[in-house]
Amino acid sequence: MRKACLIVAEILKRLEEHVQPGVTTWDLNALSEDLAARQKAKPAFKGYHGYPFALCTSVNAEVVHGMPSKHRQLKEGDIISIDFGVMIDGYYGDAAVTVPVGSVSEEARELCRVTEDALYEGIRQVQPKHRLSDISHAIQEYVEARGFSVVREFVGHGIGQQLHESPQIPNYGPAGKGVVLKPGMVFAIEPMINQGRAEVEILDDQWTAVTIDKKLSAHFEHTVAVTENEPDILTKG
Ligand code: MF3
Ligand code: CO
């Protein structure tokens, strides 16, 4: 899993560097496929429940599962969530970042910062003897105290020889519930955080989730292993 996750981290870094006004989400997808092929890694999302691309590119009010398009040119002031996973030697890695396109509003930057920090609040709970929902609770507390809202419809997940394994990991809920964490367990933790209301809807393409109020949304994800000591962030690179 370390190998898969390292490949994901490196490819995400390259994609992030490529984000600038004028680039299309299609270009980013093509680059991700190219970089994965060079590592002999299989893009994890392509073909998953019929999803046609290697990458999810969710711009501004798009929450997750935005589909790359030749017609979606990034422009200054946008924020884009880039979500990518691979499988290699039978194991998966999965991660996402939300990055600014050129210079963006202070509100957009704040949303991205709080979402990434919320992910790290969740990761801090990835300790032996903690319960699964300690992760969920930490994320919700952090986000709501800062006036943002947690998307309910999508969750983090166990990950290993499948992209999505049990358990599901909501980004909200009371602490102290669910499985007791043990060294060797690996989770993909992925808060999706909205500037306005929490509710989302799915577009006619059947994939793209957007905020119902059309306000901004951000998404960060890491694949993280429980160890005897500190959480091991496998997709950190
Ligand atoms: N990172 C997302 C997830 O963990 C991406 C899945 S997109 C899909 O669920 F196309 F594979 F469904
Ligand atoms: Co995931």
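The buried residues of helix H4 (residues 132-144) are Leu132, Ser133, Asp134, Ile135, Ser136, Ala138, Ile139, Gln140, Tyr142 and Val143, where buried means under 20% relative accessible area with a 1.4 Å probe, protein chains only. Because ten of its 13 residues are buried, H4 is largely enclosed by the rest of the structure. The model is predicted: local features need pLDDT of at least 70, side-chain atom pairs count only at pLDDT 80 or more, and totals for chains, interfaces and linings use all residues. Residues are numbered from 1 along each chain as its sequence is written, and side-chain values use heavy atoms, with hydrogens and water left out.

**Helix H4**
- Helices are DSSP runs (H or I) of at least four residues, and strands are runs (E) of at least two, numbered from the N terminus.
- Cover for the buried residues of H4 includes helix H3 (106-123) and strand E9 (186-189).

**Nonpolar core**
- A nonpolar core is a set of buried Ala, Val, Leu, Ile, Met, Phe, Trp, Tyr and Cys residues joined through side-chain atoms within 4.5 Å.
- The largest such core has 54 residues, and Ile135 and Ile189 are among those with the most contacts inside it.
- H3 gives the most to this core, with seven residues.

**Cobalt site**
- Asp94 (OD), His157 (NE2), Glu190 (OE) and Glu221 (OE) coordinate the cobalt ion (ligand 2) at 2.0 to 2.2 Å; donors are N, O and S atoms within 2.8 Å of the metal (3.2 Å for Na, K and Ca), and sites may look incomplete because water is not among the atoms.
- Glu190 and Glu221 lie 31 residues apart, and both are buried.

Definitions and conventions: Chains are lettered from A and ligands numbered from 1 in the order in which they are written. The expected span of a helix is 1.5 Å times one less than its number of residues. Buried means under 20% relative accessible area, exposed over 50%, partly exposed in between (1.4 Å probe, protein chains only). Contact means heavy atoms within 4.5 Å.
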